[in-house]
Amino acid sequence: MPPLPPSPVDLASLLRSWDLSPDIVQAFVEQRFTTSSLLRIKNATIERLIPFEGPRSEFLFHFEQFKSQQLKTVVPNPSDCSTFADCIPSTSARNTSTLRRPPRKRTKFDEGMLQALLARPNVNELHQHLKESIPGLTVLGFYASKSFLDYFVRDTLAQEAIFKELKGNYNRGLVRDDFDKLSDSIVKLFPNEAKQTWYDVVTKNKRTVVEGKLRYKWYGVRRSLFEACLITTLPNETADNIGEDSGDDTDIDCNEELELLYNPGSSWPDIQAAWEATFRARKQVFKKECNKIINIYLDKFICLAKPLGWTLIAQDGEREQEALKSDIQLWDAAVPFLLAEIRTENPTFLSTNVPDDVQFLSIIRELPNLWRVRTVPKSDEASKSSKCYRPTQQEIVDSFLLHVQDISLIQEKLNARKVTLHKFKHQLQPVAVVVGSYNLMEIRQCFICVDNHRWEVPTPQQAVFGVFKLCFGLNARYPIESRHIWLFLQLAVFKFSTPQDYLNDRGLRSYLAARLKDSERFNNQ
């Protein structure tokens, strides 16, 4: 059995293949079990979810077979490798939510490849250093055979690069010039890498902050050395926060048109004309009267409660970002790249032809698996002592595209997210929702939701692209859990940037740089 990605969709398919009844399948899905967490289920939980002996015995029979197949092989530990071939990184599909490489069959050691790596002329000092260690040779071998580096190999490379710099002086403090030169060495040795992945400088409040894998790895190595009592001081860490630009302060005008928008009895053609004429005035209403709170703004303009009310906000979003007017065309042009990027992690993804709507939903649902789970930055309103929010993989997926089986579950799911976000002083942002079974060919309804405001739209594409337009039309932020995915689509698909892209999120630029470099390289082919 091939490795199964950890999603409720695949779990439901798996359980149905075991001839379990729909109510039992639904019970597991409602408890948020995945194919990964199923391996750790307790007997008491099985008895609670499957109370009758007959179906429980059927489940246990198939479950034991499934567990033995999934746990038959073990991912090799580099410290236990007896040969160089044992430590060569695997490029097969992996479970990104647990960040473990899937097991692969052991291949024959290629002495010729090793000799070829060692015989190549040294490009720089880093190249020579990598040749002198097994982890370094795995990096060189991986790039030589694949022409790219994945997350795991980049982490190994960052560690080896820092070890090189600290060789002979563990207490050496690295400065910006060191990170800059080291990142240049990496890009020269591995031309397909983006420099911003390794080193970047961001200006905040007339101060600059260093970001990138090298700086983070150096700090991690320093902390390990400190805990091992090999050094006595840690590098100073400072956090810089930026307030939002207050913008201009023009007077609110167009009172007659604004009153028309407040009137629930106005005709739709009159509303459209008034909405177009009051663009600047409404921005000041949002700033002054609504205190930049989206719900107050939506409640104030009663016309937005109409079924097509969302199109008015989307019109503002397209006015702010012209590229959003060509959403379908830009998406279609980006599909080959997105499929290629996903297949680097999941080679069997969409191996057969499917309808366009199913292809769109499949890509959207798979995109979160391109990145590992990350801790999101604190809200501006959070205290210094408050904890940071680290969403689960499922929370990231739900904030990007919420998929429910019944329309009655939408508000329940949004309220649960709202409670979690409120705990960390974050706000609920616009979200796309699809309703239907986990068979993507049976989607019944699509919505755009902003807290308790909901608009139905005809297709999943309009729901997702509508969220983009509402975020810019309402001056809202992307959902904090999946901000990196929305920003990736903005930069790689719609190809525009804004001053707020990386605002108040240290490390986001380097977090996305490798994938954006892949996009640039794909488009230049």
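Q: How many aromatic pairs does the count come to?
A: This is a predicted model, in which local features need pLDDT of at least 70 and side-chain atom pairs count only at pLDDT 80 or more, while totals for chains, interfaces and linings use all residues. Residues are numbered from 1 along each chain as its sequence is written, and side-chain values use heavy atoms, with hydrogens and water left out. Rings of Phe, Tyr and Trp (its six-membered ring) pair if their centres lie within 6.5 Å; planes under 30 degrees apart are stacked, over 60 edge-to-face, and the rest tilted. By this rule the number of aromatic pairs is 28.

Q: Are the planes of Phe-179 and Trp-218 stacked or edge-to-face?
A: A pair of aromatic rings is described by the distance of the centres and the angle of the planes. For Phe-179 and Trp-218 the centres are 5.8 Å apart and the planes stand at 70°, so the pair is edge-to-face.

Q: Which helices hold Phe-179 and Trp-218, and are both residues buried or exposed?
A: Helices (H or I, at least four residues) and strands (E, at least two) are DSSP runs, numbered from the N terminus. Phe-179 and Trp-218 are 39 residues apart, so placed that the pair links distant parts of the chain: helix H9 (residues 176-189) and helix H11 (residues 213-227). Buried means under 20% relative accessible area, exposed over 50%, and partly exposed in between (1.4 Å probe, protein chains only). Both Phe-179 and Trp-218 are buried.

Q: Over which ring does the charged end of Arg-374 sit?
A: A charge sits over a ring if NZ of Lys or CZ of Arg is within 6 Å of the ring centre and within 35 degrees of the ring normal. Arg-454 lies in this way over the face of Phe-447, at 5.6 Å from the ring centre. For Arg-374 the distance to the ring centre is 4.7 Å, and the ring is that of Tyr-511.

Q: How many bridges join strand E4 to strand E5?
A: Strands E4 (residues 431-436) and E5 (residues 443-450) run antiparallel. Val-434 stands opposite Cys-446 in E5. The number of bridges joining E4 to E5 is six.

Q: Why does Gln-429 count as buried?
A: Gln-429 is found in the loop between H20 and E4. Its contacts (heavy atoms within 4.5 Å) beyond four places in sequence include Ile-294, Cys-449 and Tyr-478. Gln-429 is buried because its relative accessible area is 10%.

Q: What share of the residues score a pLDDT of at least 70?
A: pLDDT is the predictor's confidence in each residue, from 0 to 100. It is below 50 over residues 1-6 and under 50 over residues 73-102. The protein averages 82, and the share scoring at least 70 is 85%.

Note on methods. Two strands pair if DSSP finds at least two bridges between them.
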